[in-house]
Amino acid sequence: QITSRYGSGYPLTINLDGSNFATLNPGDTIFVFWTGSAWMMTDQLQKESVQGRFETPTAKSYLISRGFRTPLYISKIFANVDSGTGQLAITKNGVTITSSNLNLTSGTEAQYTFSPKIKFDYTDKLGITLSSLSNLEGVHYRIDLDQSSI
């Protein structure tokens, strides 16, 4: 993943293989991958993901993001754990917005899709609440947001 700093005053040009170039304007992101013989890139990012990991979580609420630079809509959540069990809920400004908690169990990926999507504005706070923990360790989460309300 290559991201040009949002506050930069200049575009960034990256030479991938001598004939393949990518130009990123401030705030743009691309993903690059090796095909075995050349570097390639995906299209510029049209969505954002917020992801992280709690090594040894406790039953409480965690602030994940305090506002976004443009309005975005929360689309999906993915979570998995190294060991133990528990539950995960997503909050907006401290209020739970998942209609049910995600059950976290070692060895499985929990997934939740918002329908309809929930809008997050410039000052909205995105959070995670963990509860009903039993020997829960290594919680990894990814929250996908995009510009479309559909």
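Reader: Where does D121 lie?

Author: D121 lies in the loop between strand 12 and strand 13; helices (H or I, at least four residues) and strands (E, at least two) are DSSP runs, numbered from the N terminus. Residues are numbered from 1 along each chain as its sequence is written, side-chain values use heavy atoms, and hydrogens and water are left out. This is a predicted model, where local features need pLDDT of at least 70 and side-chain atom pairs count only at pLDDT 80 or more, while totals for chains, interfaces and linings use all residues.

Reader: Why is D121 called partly exposed?

Author: Buried means under 20% relative accessible area, exposed over 50%, and partly exposed in between (1.4 Å probe, protein chains only). D121 has a relative accessible area of 26%, so D121 counts as partly exposed.

Reader: Which residues does D121 contact, leaving aside its neighbours within four places in sequence?

Author: D121 is in contact with G67, F68 and P71 when those neighbours are left aside, contact being heavy atoms within 4.5 Å. The C-alpha atoms of D121 and G67 are separated by 6.6 Å, although these residues are 54 apart along the chain.

Reader: What makes S75 count as buried?

Author: S75, in strand 9, has a relative accessibility of 14%, which is under 20%, so S75 is buried. Apart from neighbours within four places in sequence, S75 is in contact with residues including Y112, F114 and D144.

Reader: How do you know that strand 9 and strand 13 pair?

Author: Two strands pair if DSSP finds at least two bridges between them. Strand 9 and strand 13 have 16 bridges, in the antiparallel sense, and therefore pair. Among the residues involved, Q87 stands opposite S131 in strand 13.

Reader: How many bridges join strand 9 to strand 10?

Author: Two bridges join them, and they run antiparallel; the pair therefore meets the requirement of at least two. T91 has T96 as its bridge partner in strand 10.

Reader: What makes a group of residues a nonpolar core?

Author: A nonpolar core is a set of buried Ala, Val, Leu, Ile, Met, Phe, Trp, Tyr and Cys residues joined through side-chain atoms within 4.5 Å. The largest one here has 27 residues, and I74, L88 and L104 are among those that touch the most other members. Strand 13 gives the most to this core, with eight residues. A second, separate core has five residues, including I14 and L16.
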